[in-house]
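I opened my notebook to look up how charged side chains pair up in this chain. Here is what I wrote down.

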Amino acid sequence: FAVLALAPPPGELDAMIAARVDAMLAAGLADEVSALREAGHTPGEPGMRAIGYREFFDAEGAFAPSAGIAARIKLDTRRYAKRQMTFFRALPGVEWIDRDPKGLASRIRSIVHAGGAGL
């Protein structure tokens, strides 16, 4: 089998992360976290420690002020993405493909037809 990884162009990943976080906040992420908290969920629970939830709580577990939460979520997400890229780059045999729409399908076809060997 071939392991393919799509490499976004420089800067695109940050833009994608920023847009996604902004969309999540616009869709009511703060209200969702508030409702979970009111339902008795605590910051120490595994789900509440996930990126996008944990940033709503301060070090003592109190609901944090909303100022700066978007920036913290974006920063934590970029850090997580960097760790993921580091992990995948360390795996042997991963074929990195530029996420350029032009030629992407033909590049994947060439890898699949070659059986992933030598690419």
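I began with Arg79 and Asp76, whose side chains meet in a salt bridge at 4.0 Å, N to O (a salt bridge is a side-chain nitrogen of Lys or Arg within 4 Å of a carboxyl oxygen of Asp or Glu). Both residues lie in helix α3, three residues apart, about one turn of the helix. (Helices are DSSP runs of H or I with at least four residues, strands are E runs of at least two, and both are numbered from the N terminus.)

I reminded myself that this is a predicted model, where local features need pLDDT of at least 70, side-chain atom pairs count only at pLDDT 80 or more, and totals for chains, interfaces and linings use all residues. Residues are numbered from 1 along each chain as its sequence is written, and side-chain values use heavy atoms, leaving out hydrogens and water.

Buried or partly exposed? I checked Asp76 and found it buried, at 18% relative accessible area, while Arg79 is partly exposed at 47%. (Buried means under 20%, exposed over 50%, partly exposed in between, with a 1.4 Å probe and protein chains only.)

Next I looked at Arg54 and Glu55, which form a salt bridge at 3.6 Å, N to O. Glu55 is buried at 4%, and Arg54 is partly exposed at 36%. I was pleased to see Arg54, Glu55, Asp76 and Arg79 linked in a network of salt bridges.

Then I followed Lys74 to Asp22, with their closest N and O atoms 2.9 Å apart in a salt bridge. This pair links distant parts of the chain, helix α3 and helix α1, 52 residues apart.
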